[in-house]
Amino acid sequence: MGRTTADAAKALSRQMGQRIRAIRKMRGYSQGQLGSLIGLSFQQVQKYENGTNRVSIPVLMQICEVLDAHPMDIIGEGPQDGRDKRVTALLQRLEAAESKLKILESKLARMQKIFAEPD
């Protein structure tokens, strides 16, 4: 049995959310910053990114304007466009790199503190 229209809509909402998250991170915005720029809370942006809530056309246009993205960059070519695995893989790599960067920054701060102490 095929997917229902509701299932397809949920899948598209999740995929759009993944794309919003990927573009937002590439542009260096936090969820709070994006939300503030489009007049929403970070929680609402989080719900869009998780696919919990659907993005309306007016909100999509605001997001695109802030992120300097074309609407089709977020909408994609439909639920079966094949790019979602790449987006997910890139997001995972980005999150892993961010975690490593935080660890390195912490170690660097400790080293700077050690070297700054008088002998």
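Me: Is Met-26 buried or exposed?

Reply: Exposure is read from relative accessibility, and exposed means over 50%. This is a predicted model. Met-26 has 60% relative accessibility, so Met-26 counts as exposed. The residue is found in helix H1, residues 5-27.

Me: Which residues of H1 are buried?

Reply: Buried means under 20% relative accessible area. In H1, the buried residues include Ala-11, Met-16, Gly-17, Ile-20 and Ile-23. Charged side chains are on the list too: Arg-19, Arg-21, Arg-24 and Lys-25 are buried.

Me: What should the 23 residues of H1 span?

Reply: The expected span is 1.5 Å times one less than the number of residues. For H1 that gives 33 Å. The end C-alpha atoms of H1 are 33 Å apart, so the two agree.

Me: How do H2 and H4 pack?

Reply: Read the angle, the axis distance and the handedness. H2 covers residues 31-38 and H4 residues 57-67. Their angle is about 115°, and their axes lie 10 Å apart. The crossing of H2 past H4 is right-handed.

Me: Which residues make the contact?

Reply: H2 contributes Leu-34, Leu-37 and Ile-38. H4 contributes Val-59, Gln-62, Ile-63, Val-66 and Leu-67. By class, seven are nonpolar, one is polar and none is charged.

Notes. Residues are numbered from 1 along each chain as its sequence is written. This is a predicted model: local features need pLDDT of at least 70, side-chain atom pairs count only at pLDDT 80 or more; totals for chains, interfaces and linings use all residues. Side-chain values use heavy atoms; hydrogens and water are left out. Axes are lines fitted to C-alpha atoms, for helices over the stretch in contact, and angles run from 0 to 180 degrees between N-to-C directions. Helices (H or I, at least four residues) and strands (E, at least two) are DSSP runs, numbered from the N terminus. A crossing is left-handed if the near helix is turned anticlockwise from the far one by less than a right angle, and right-handed if clockwise. Contact means heavy atoms within 4.5 Å. Buried means under 20% relative accessible area, exposed over 50%, partly exposed in between (1.4 Å probe, protein chains only).
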